[in-house]
Amino acid sequence: MKLIKQIFHFKGIKIGKKDKTLQKIIVIFLLLPFLLLFGFLTYLLLPQLLSNYILLIVYTILFITVSALATFFFYRLLHIKFWFFKKLENRRLLLRHLTENRIFYPIKRKDRIG
């Protein structure tokens, strides 16, 4: 009986620093294809863009707004459609709540080897 309690004793999932940065990592991964496309198109159109600075400014502003809106749309779509991303957002909000209300105290460790 004691062995069964030890095997099935679930203590929960730890919330830590990784939950704070996961949102930023997801946004970077969603933005990465747009940045690669921007770099590739800029490489192809570089002579035309350097000859006309107004076209360069319009091109850059247009690409930044389109990529930001598309990233925001895909980010919201992930949170609406997939349970996993909702769970990550809830963990981030829980970490913020715990740290703001001083319920959660991070463990300060001395120098760790390894």
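Are Arg91 and Asp19 buried or exposed? Both Arg91 and Asp19 are buried, where buried means under 20% relative accessible area, exposed means over 50%, and partly exposed lies in between, with a 1.4 Å probe and protein chains only. The model is predicted, so local features need pLDDT of at least 70 and side-chain atom pairs count only at pLDDT 80 or more, while totals for chains, interfaces and linings use all residues. Residues are numbered from 1 along each chain as its sequence is written, and side-chain values use heavy atoms, with hydrogens and water left out.

**Salt bridges**

A salt bridge is taken as a side-chain nitrogen of Lys or Arg within 4 Å of a carboxyl oxygen of Asp or Glu, and by this rule the count is 3.

| Pair | Closest N and O atoms |
|---|---|
| Arg91 and Asp19 | 2.9 Å |
| Glu100 and Arg96 | 3.4 Å |

The bridge between Arg91 and Asp19 has its N and O atoms 2.9 Å apart, and it links distant parts of the chain, since Arg91 belongs to helix α5 and Asp19 to helix α2, 72 residues apart. Helices here are DSSP runs (H or I, at least four residues) numbered from the N terminus. Arg92 and Glu89 are both buried, and because they are 3 residues apart in helix α5, about one helical turn separates them. Glu100 and Arg96 are 4 residues apart in helix α5, which again means a separation of about one helical turn; Glu100 counts as exposed at 55% relative accessibility, whereas Arg96 is partly exposed at 45%.

**The cavity**

The structure holds 1 cavity of 30 Å³ or more, a cavity being a set of points on a 1 Å grid over the protein atoms alone where a 1.4 Å probe fits but cannot get out, with lining residues having an atom within 4 Å of a point.

**Ser67**

Ser67 is placed in helix α4 (residues 53–81) and is buried, with a relative accessible area of 9%. A polar atom of the Ser67 side chain lies 2.9 Å from the backbone oxygen of Phe63. Leaving aside residues up to four places away in sequence, Ser67 touches Leu31 and Phe34, where contact means heavy atoms within 4.5 Å.

Conventions. Helices (H or I, at least four residues) and strands (E, at least two) are DSSP runs, numbered from the N terminus. A polar contact is a pair of N or O atoms within 3.5 Å; within protein, one must be able to donate a hydrogen and the other to accept it, and residues adjacent in sequence count only if both atoms are side-chain atoms. On a 1 Å grid over the protein atoms alone, a cavity is a set of points where a 1.4 Å probe fits but cannot get out, and a pocket is an open set with protein on both sides within 12 Å along at least five of seven lines; lining residues have an atom within 4 Å of a point. Grid points are joined across faces, edges and corners, and a volume is the space filled by probe spheres set on the points.
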